[in-house]
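User: Can you walk me through this model? I'd like the overall fold, then a few residues.

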Amino acid sequence: MSEIIGFVGMSHSPFVTMLPPSSPSGPGGGFLGDAARVAAAVAELSPDAIVVIGPDHFHANFYDAMPPFVLGVEAAEGFGDFGSASGPLPVASSLAWSVHEGLAAADFDISLSYSLTVDHGIVQSYRMVSHEDGIPLVPLIVNTAAPPLPSMERCVALGRALGEAIRASDFDGRVLVVASGGLSHWLPPNDPRDVTVAGEKREALIHGRRDARAFAAAREPRVRAMGGDPTARVNADWDSWFLGQLAAGDLDSVTALGHERLEENAGSGGHEIRCWLAGHAAVGEPLVWSSYEPVPEWITGMAIGTTFEVV
């Protein structure tokens, strides 16, 4: 049987690689320094596998078929968007299949992939905590990009079932759970029903799978142009409240917000907290804050399980 040895909840951002801080005291410097400290603690824990819960940003999933949850069970490959890692990633296949069986037994009809493409939403946090590709991972994608989104209650239930599946697995090893998702931030709409989502953008959101790399090549310069905007909106007060609820183990007050109030307080990008909720529920242990910086071009936050004892 497997042992869950800890949890890391971590923001991701394209600008981690595109706009690194010029000094440790610059914007994002504190977050990267703390991420390095967490990576050192992870190395001491020596996990045998890392379950990474994160989103996809229209690099693998499109509106030709938009599943709420996708589990990689055999092969995974980094897309390489925004300077993130590209190429094959090692997958803990036996653990992944045990997770699939456990989630199915808990009445989750989860989509699975024998060949999963993952973008910076999975790869960045995996690399930041492991510093290498030697530790096999189990990638679990949660749709946070645009409707129809799984409810936050469903994500908490998924996390609890995930934790039970990991602990009951035939995989004999130590498992780290990582949740990768931004906190509050406001993004342009990606819903094809929105009248502002039209023309080439709407076509790419629906049919982007036909040539995902061409779609990404056209889209990435627009995202890069958003970097470094000091007026970009974040809600630091809400982020503080949310991380406080995680520390207190009070997920109900978060899920009670519902879709509309969450977006009102944390923006469309705030839907990525579904990954944090699932990871927290999987581990079921108290959390402590490690780092938070309300810098618009970074939108960084991190919470870590007390197992790490690094705060």
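User: What are the ground rules?
Analyst: This is a predicted model: local features need pLDDT of at least 70, side-chain atom pairs count only at pLDDT 80 or more, and totals for chains, interfaces and linings use all residues. Numbering starts from 1 along each chain as its sequence is written, and side-chain values use heavy atoms, leaving out hydrogens and water.

User: How many helices and strands?
Analyst: The protein has 11 helices and nine strands. Those are DSSP runs, numbered from the N terminus: H or I of at least four residues for helices, E of at least two for strands.

User: And how compact is the protein?
Analyst: Its radius of gyration is 18 Å, close to the 19 Å from the globule rule for 311 residues, so the protein is as compact as a globular protein of that length. The radius is taken over C-alpha atoms, and the rule is 2.2 Å times the number of residues to the power 0.38. The C-alpha trace spans about 50 × 45 × 40 Å along the principal axes.

User: What share of the residues is buried?
Analyst: Buried residues make up 57% of the 311. Buried means under 20% relative accessible area, with a 1.4 Å probe and protein chains only.

User: Which residues have the most contacts inside the largest nonpolar core?
Analyst: I53, L95, L162, F242, I273 and L277, in a core of 48 residues. Helix α11 (residues 273–283) gives the largest share, eight residues. Apart from that core lies another, of 26 residues, with V8, V38, I122 and L137 among them. A nonpolar core is a set of buried Ala, Val, Leu, Ile, Met, Phe, Trp, Tyr and Cys residues joined through side-chain atoms within 4.5 Å.

User: What is L162 in contact with?
Analyst: Leaving aside neighbours within four places in sequence, L162 contacts V51, I53, V99, L103, L140 and A282. Contact means heavy atoms within 4.5 Å.

User: Switching to H100. Where does H100 lie?
Analyst: H100 is in helix α3 (residues 93–105). At 17% relative accessibility, H100 counts as buried. H100 touches L71, I110 and L112, not counting residues up to four places away in sequence.

User: How far is L71 from G28?
Analyst: They are 31 Å apart in space, C-alpha to C-alpha, and 43 residues apart in sequence.

User: Is G28 buried or exposed?
Analyst: G28 is buried, with a relative accessible area of 0%. G28 lies in the loop between α1 (15–18) and α2 (29–45).

Technical notes. Buried means under 20% relative accessible area, exposed over 50%, partly exposed in between (1.4 Å probe, protein chains only).
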